[in-house]
Amino acid sequence: MLRLYHSPQTRSTRIVWLLEELGIRSKVDIEIVSIARLNTSTQEDPRNPHPDGKVPVLQHNTACIMESAAIVLYLTDLFPDTELGRKIDDQQRGEYLTWLHYYGGVIEPVLTVHFSTMQPDDLFRSSFRGFDEMSQRLTKQLEKNKYLLGSNFSAIDLLIAAPFIWFPAMAPDTTPVQNWIARCTARPHFQKVTEDDIRFINP
């Protein structure tokens, strides 16, 4: 049994997008839960198994997988017969894993600090660098490739483009990055999931 705990217009939306891209949405029960949001009265949902009340959470039989990058890896390994992931013997497997962990280990904290009132100290910058360095890394990769792993869209593009799609002010303002974001949002599955999220909120 596969079940995704999802709250519309949150980080879990990209996992619903991934289900569509993998062609497995009909195989996954989607449980709509509420989460505590900034500047709203919404509360954590007791049905949600995440210890911090966050989404996404993927339940597979007795296992619970949390954190977007972990869920992306889990699902693309579980359903390997697409170009979205990279199998264990694929030459791009190492690059695939690198971008997965770069997202959670660098992009998320850098964006959080950059768009907050916090001032990054020397320790933070020595560990994660900053927004400019992240922008340069993405731009350099997308100057030579249509997508992050080459000519074809992958789960890495879905994972990393998502915060820039929903919060455009966060996106590096370079032509390669902006063109890449436009290619991602033009995908029919992205359009469908966006419409579905609106219906979840306004049934």
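User: How many residues of helix 6 are buried?

Analyst: This is a predicted model, to start with. In it, eleven of the twelve residues in helix 6 are buried, so the helix is mostly covered.

User: Which ones are they?

Analyst: The buried set is Ala155, Ile156, Asp157, Leu158, Leu159, Ile160, Ala161, Ala162, Pro163, Phe164 and Ile165.

User: And what covers them?

Analyst: The cover includes helix 1, helix 2, helix 3, helix 5, helix 7 and helix 8.

User: What about the length of helix 6, first C-alpha to last?

Analyst: Helix 6 reaches 17 Å, close to the 16 Å expected at 1.5 Å a residue.

User: OK, on to the largest nonpolar core. Which members touch the most others?

Analyst: Leu75, Met134, Ile160, Phe164 and Trp180, out of 52 residues in that core. Strand 1 (2-6) gives two or more residues to the core, and so do helices 1, 2, 3, 5, 6, 7 and 8. Helix 3 has the largest share, with ten residues.

User: What does Trp180 contact, sequence neighbours aside?

Analyst: Leaving out anything within four places in sequence, tryptophan 180 is in contact with Leu142, Lys146, Tyr147, Leu148, Asp157, Ile160, Ala161 and Phe164.

User: Switching to the strands. Which side of strand 3 is covered, one or both?

Analyst: Both faces are covered: Val57 and Gln59 are buried on one side, Leu58 and His60 on the other.

User: How does strand 3 run against strand 1, and how many bridges join them?

Analyst: Strand 1 and strand 3 run antiparallel, joined by four bridges. Leucine 2 has histidine 60 as its bridge partner in strand 3.

User: And strand 4?

Analyst: Strand 4 (residues 63-66) is also antiparallel to strand 3, with four bridges between them. Valine 57 is partnered there by methionine 66. The two strands form a hairpin with two residues between them, and asparagine 61 in the turn has a positive phi of about 55°.

User: Last one, His50. Where is it, and is it buried or exposed?

Analyst: Histidine 50 is in the loop between strand 2 (28-32) and strand 3 (57-60). Its relative accessibility is 8%, so histidine 50 counts as buried, the cut-off being under 20%.

Definitions and conventions:
Residues numbered from 1 in each chain as written. Predicted model: local features only at pLDDT ≥ 70, side-chain atom pairs only at ≥ 80, totals over all residues. Heavy atoms only, no water. Core = buried A, V, L, I, M, F, W, Y, C linked by side-chain atoms within 4.5 Å. Buried < 20%, exposed > 50% of the residue type's maximum accessible area, 1.4 Å probe, protein only. Contact = heavy atoms within 4.5 Å. Expected span 1.5 Å × (residues − 1). Pairing = 2+ DSSP bridges.
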